[in-house]
Amino acid sequence: MARQNVLAVVRKRFPVAVSEIVREEFKKRSAQFWCREIAVWDRKVRSLAVPLVLPDKDPHLSLIFYGSPPATFGRPDAGERTSLMLAVDAHLRRRVGHCVFVSDDEKAKRAFLDAASRTLPFLQLWNSASVVLYVSGMLGRSHQIAQKDIANALQDVRSNMGGASASKGLTDKLVKLTKQHNAAATRLAATLNMWR
Amino acid sequence: MLEVYSLRDDTFPLTPIEGRDCWYGFRELRGSFRSLHERSLREAPRLCVLNRGQFGAGKTHAALYFTHTAATLCEEISPDLYASTHAFHVETPKQGKGAFSQLYQALADRIQLRHLKAVLLGLIEQLGKASVEEYIYSRTGSEDLAIAVAACEDDTYQSLRTYLLGGGSSAELRKIGAARRLSSETDFANALVGLFSVLVKHAELATGKPCRIFVWVDEMEDLVYYSSKDYLPFTQSLRHFLDRMSQHLTLFLNFTFSEPEELATIEEVLGQAVMDRVNEHVLFRPPNVTEVKQYLDDLLLDNYIGGTADELRKLAPHFPFDDDAFSALSSACEHTTPRYTHKLTDRLLRVACDRDMVSADHVVGKQATDALLAESIDAISTETLD
C-alpha cells in the first residue's frame, strides 16, 4: 500500500501485544508467508509474547461470554481466549485505554468474542480487512492511494482465508466478500480523494 | 443394491461419470447449449459464454456432455463454415501462482502434443516454412514462437515439445531458433493461440474448411483464492488469449455461486475485462416440479437393467416408484439441484430396501416415501453441513 508494507505500518504505529499461544501459532505458520517483514515480526512477536498473568483464569474468563460453552477447552479458540485474557488484563491494570482485537476466526467471534466486545466497550473487534482499510486511511492522508491498491490488498487478505482448505461454503463466502470489499475500497478511495 | 429395483448401482452419481454421455430432462437448458453450438458452427467470430448456477446444478455435467458430443452435433448440423470440431474440458487451476500457464499445460495435455508433430510437419510440407512462420506470427504476435513452431522437423520436434511446455535447455532452444523459454503468463497465452491456430489451419488444409474449437473452463469461482499478484496476470492473459483468438473459438466459463442471478457479484470476481468479452449467459435455474419429474423419469428409463422398460413400467408408471410416491419425491426435489435429487432418491431407495418397505414387485409406494422422505432429507442436510 503506497509502497509500504501494511504489516510494517501496523508494527510502527500501534503498540502490539500477543499471548504465548499466538506466538507459537505465528512460529508455526510464518514459514508459509516468509518475507523480510515477517522476519521482523517474528523477532517482535518473540520479544512481545506476554505470558498470561493469571493463567488459571483461562478458560474461566471466556466461559462468561460463551453462548453455549464447549465441553472441553482445547486448542480451538485457544489463541482468541488467551488474547482476550491479555486484553482484559491490560485494560483493567490501566496499561491500555482501548484495545483493537484482530482476529479472522469467525467461529470464535460467534462463540464468545462478539459477546465480549458488546460487554466490554474498550474492546474493538477487527479482522485483517479492517486493518487494511484502517492503514489505507492512515496512509491516504499523505500518499496517493487508488481504489485498485486497496482492492488488491483486500484480495490478498481473502486469498489467505481458510488456509489450504477450499470448500463450497468458503468459496461462496469469498465470492460475496469480494463484492463487499470492492465496494469498501471504492468508498474509502472516494473519501480519501475528498481530503486530498 | 439398486439392482433389486432393476437399476444400475450408479444410477445416481454425485459427480458426472466420465464416458457416459447422457442428458436427462432440462430440455430448455439443453436447447440453449445446442443453439450456442449451432451459432458457433455457423458464425466464425469468437463466442464467450458464462454459465452460472448453484453447486451441483449440472455445469460440469454439461461441460462433459457437450465436450463429448460436439463432433456429433457438428455432423448433425452440418454447417457450411466448419467441417470438424475440437472440444476440451479443463478446470481452473487451484493454485494462483502461474495459473494461466497451468491452464495452458492442462489444455496442451488435452490437445496431446505428441499428435501435433504430424499436424505441424504436414502444415510445413504444404505451406512451406516461411508461410507457417508468417501465419503463426500473424496469429500470436510472437516472433520467437513463430520461428520455433515453423522450425519443426523430425529431429527437432522433441525440443519444440519441451519448449511448448515451458522448458528447454539452451541447446534445445538453439535447435529450434527460440531466443528464450516461454516464461510469462502472456507467453503461454500466445502459445495457446499458436496451438489452436495450428489445429484450425490443419483442418482448413485437410478439408477446405477450418475447425471450431470449444473450450470449457470449469470452476471459475476458484479465482477468489488467488492473491492480487496471481489474479491480475491470469485475467490479463485470459483477456489476451480471447482477443487474439477472435475467430473459430467458443469459450464456456462455468461459475458456481449460491445466488447465480447475482451477476454483479460474479462480475466482481471475474473482473470487468473478462466480463466485457462475455457474449452470452446461461443460467442453470433450479427446476420446478414438472422439470424434476421429467428429469427423474428420463434418468430411471435410461438406467434399467434386467428387464425392458415397458415390462417394468407396467408394474408402476415410474418404476420403481408408484405415481403418488413419484410425485412426493419430485415435490421434495423442486427448486434444488440434480445432485440433491440424486442424493435423495438414492438414499430413499436404499433405506426402503433395507427396511423392507417395498412391495413384492419392488415398487416403492406413497406410504414408504412419506415415511422415509423427511428422514432422508434430514440425513442429506446433515451430510452437507458436515
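**Domain arrangement and contacts in the predicted complex**

The C-alpha centres of domain 1 and domain 2 of chain B lie 40 Å apart in this predicted model. According to the domain assignment, domain 1 of chain B covers residues 2–9 + 287–385, and domain 2 of chain B covers residues 27–284. The contact between these domains involves 4 residues of domain 1 of chain B and 4 residues of domain 2 of chain B. On the side of domain 1 of chain B that touches domain 2 of chain B, the residues comprise 2 nonpolar, 1 polar and 1 charged. As to confidence, the average pLDDT of chain B is 91, and 99% of its residues score at least 70. For the complex, the predictor reports a pTM of 0.88 and an ipTM of 0.82.

Helix α15 of chain B spans residues 323–332. Its buried residues are A325(B), F326(B), L329(B), S330(B) and A332(B). Viewed down the axis of α15(B), these buried residues fall within an arc of 160 degrees and therefore line one face of the helix. D323(B) and S331(B), on the other side of α15(B), are exposed.

Chain A is likewise assigned two parts, with domain 1 running over residues 6–128 and domain 2 over residues 129–194. Taken over C-alpha atoms, the centres of domain 1 of chain A and domain 2 of chain A are separated by 22 Å. In the contact between them, 8 residues come from domain 1 of chain A and 10 residues from domain 2 of chain A. On the side of domain 1 of chain A that touches domain 2 of chain A, the most is given by helix α1 (residues 6–13) of chain A, with 3 residues. By class, this side of domain 1 of chain A has 5 nonpolar, 2 polar and 1 charged residues.

Between the two chains, the contact draws 15 residues from chain A and 16 residues from chain B. On the side of chain A that touches chain B, α8 (147–159) and α9 (168–194) of chain A each supply at least two residues. Of the elements on this side, α9(A) gives the most, with 9 residues. The residues of the side of chain A that touches chain B divide into 3 nonpolar, 6 polar and 6 charged.

Methods:
Residues are numbered from 1 along each chain as its sequence is written. Chains are lettered from A and ligands numbered from 1 in the order in which they are written. This is a predicted model: local features need pLDDT of at least 70, side-chain atom pairs count only at pLDDT 80 or more; totals for chains, interfaces and linings use all residues. pLDDT is the predictor's confidence in each residue, from 0 to 100. A residue is buried if 20 or more other C-beta atoms lie within 10 Å of its own, exposed if 12 or fewer, and partly exposed in between; C-beta atoms are placed from the backbone. Helices (H or I, at least four residues) and strands (E, at least two) are DSSP runs, numbered from the N terminus. The arc is that of the directions from the helix axis to the C-beta atoms. Domain bounds come from an automatic or database domain assignment. Two residues are in contact if their C-beta atoms, placed from the backbone, lie within 7 Å. Ala, Val, Leu, Ile, Met, Phe, Trp, Tyr, Cys and Pro count as nonpolar, Asp, Glu, Lys and Arg as charged, and the others, Gly among them, as polar.
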